[in-house]
Amino acid sequence: NVGLALSDENGDFAYPLLVTENSPTLLEEIKKIQMDNSIKTVVFGDSKNYQGQNNPIMEVVKPFVEKLKRETGL
């Protein structure tokens, strides 16, 4: 699952928006939310294990982030 949140205008606080499945339509969902809310910045959290190393899911997250950057310019 993927949790999405929006911040206030100053970027001081994040407010939960939704939790959605990591599905083939996730990128399109995020792009729609970005357009509907005039989002200018996206922040991703790193998934780490108890030793501070990347969890295996990061092998999927990093390419997704790069694709999101290319398609949104964010």
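Author: Happy to. A pocket here is an open set of points on a 1 Å grid over the protein atoms alone, where a 1.4 Å probe fits, with protein on both sides within 12 Å along at least five of seven lines; lining residues have an atom within 4 Å of a point. Grid points are joined across faces, edges and corners, and a volume is the space filled by probe spheres set on the points.

This is a predicted model, in which local features need pLDDT of at least 70 and side-chain atom pairs count only at pLDDT 80 or more, while totals for chains, interfaces and linings use all residues. Residues are numbered from 1 along each chain as its sequence is written, and side-chain values use heavy atoms, with hydrogens and water left out.

The largest pocket holds about 950 Å³ of space. It is lined by 31 residues, and G3, L4, A5, V42 and V43 are the closest to its centre. Two or more lining residues come from each of β1 (2–7), β2 (14–20), α1 and α2; these helices (H or I, at least four residues) and strands (E, at least two) are DSSP runs, numbered from the N terminus. Strand β1 gives the largest share of the lining, 6 residues.

Sorted by class, the lining has 18 nonpolar, 10 polar and 3 charged residues. Ala, Val, Leu, Ile, Met, Phe, Trp, Tyr, Cys and Pro count as nonpolar, Asp, Glu, Lys and Arg as charged, and the others, Gly among them, as polar.

K31 touches L68, E71 and T72, not counting residues up to four places away in sequence; contact means heavy atoms within 4.5 Å.
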